[in-house]
Amino acid sequence: MKVLVAEKCGFCPGVRAAINLAQKTLTDDDRVYSLGHIIHNEDMVNQLSEAGLSTVESIETIDSGTVLIRSHGATLAELDQIREKGLKIVDATCVLVKRVQKIARQLNDEGYEVVMIGDEGHPEVKAVVGSTDNMKVVGTPEDLDKLNLSKKLGVICQTTESPDHFADMVAAISRKGFSEIKIINTLCRETMDRQTAAVKLCRQVDVMFVLGGLRSANTRKLAELCKKHNHQTYHLQNWAELDKNCLSGKAMAGVTAGASTPDDVVAEFVRNLESFEPA
Ligand code: SF4
């Protein structure tokens with residue numbers, strides 16, 4: 001079948017750098033730990049695990065060796081705890097996430113109540129919240145009720161949010177009546193480019209595939225956006241998960257992939273799809 005691949009998709013520079021750093025660290029040290037999955041992609045996590053990377057949920061469980069900080073970053077408390085235990089730190093936090101952490105601290109120092117638009121359960125958001133004092137996270141306009149209207153507000157955003165959601169939330173904030181609002185756009189350009197390319201492509205095809213981890217925020221956002229424009233959108237991790245029945249009667253497929261989806265997963269999916277003859 002005919003297959004078109006999004007102009008921009010797959011690994012972003014932040015994830016690629018984190019994986020390169022993990023691979024290098026694994027050649028330098030035989031006890032390397034990642035605090036939580038290094039990226040939200042099972043294939044890549046399994047590959048690095050086979051190379052010796054241990055994923056742990058708590059620093060308590062590490063006695064010696066190197067702790068790799070994933071691209072989502074870590075909180076100040078976690079970094080302190082790692083240092084106190086005398087463990088070595090290799091920091092693979094994406095530079096764009098570090099920028100968000102720095103902006104949050106600056107806004108806090110300037111006396112703003114800092115608010116992050118995003119998903120409070122996401123590791124990047126947790127790391128930003130844990131990098132400064134008194135931060136709040138808002139995900140929906142209803143969450144704005146928990147903000148103190150008498151404070152001046154500093155607004156930032158999870159890097160992988162969609163520009164539309166950011167704009168909707170900023171509009172809702174501006175209707176609340178704060179006397180001063182400072183908004184810093186902390187969206188990731190790489191994520192925005194992937195979303196634009198995915199929406200453009202899904203409008204041209206009969207069926208759209210979004211490849212990537214089911215826990216990956218940026219992949220889920222890609223799938224949500226594509227579903228809005230093409231109901232025949234499927235979010236899956238790899239070729240093995242594809243139910244071929246969804247290809248029936250389709251002539252043209254589109255493929256995109258989240259920022260943490262390895263190139264070989266995308267290449268294998270496209271190759272197999274191209275040689276598939278739907279019923
Ligand atoms: S999606 Fe953007 S912010 Fe997240 S790791 Fe990649 S480059 Fe960095």
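Predicted model: local features only at pLDDT ≥ 70, side-chain atom pairs only at ≥ 80, totals over all residues.
How many residues of domain 1 are in contact with how many residues of domain 3?

The protein contains nine helices and 12 strands. With a radius of gyration of 20 Å, close to the 19 Å that the globule rule gives for 279 residues, the protein is as compact as a globular protein of that length. Taken along the principal axes, the box filled by its C-alpha atoms is roughly 60 × 55 × 25 Å. Burial was computed as well: 39% of the 279 residues count as buried. As for links along the sequence, contacts between residues at least 6 apart were considered, and 76% of these join residues at least 24 apart.

The chain can next be read domain by domain. Domain 1 is made up of residues 2-10 together with 189-274, while domain 2 covers 13-94 and domain 3 covers 96-183. Between the centres of domain 1 and domain 3, taken over C-alpha atoms, there are 30 Å.

This leads back to the opening question: seven residues of domain 1 are in contact with six residues of domain 3. On the domain 1 side, the elements that give two or more residues to this meeting place are α7 (189-202) and α8 (217-229). Of these, α8 supplies the largest share, with four residues. Sorted by class, the side of domain 1 that touches domain 3 has three nonpolar residues, three polar residues and one charged residue.

Note on methods: Residues numbered from 1 in each chain as written. Rg over C-alpha atoms; globule rule 2.2 N^0.38 Å. Buried ≥ 20, exposed ≤ 12 C-beta atoms within 10 Å, placed from the backbone. Contact = placed C-beta atoms within 7 Å. Domains from an automatic or database assignment. Nonpolar A, V, L, I, M, F, W, Y, C, P; charged D, E, K, R; others polar.
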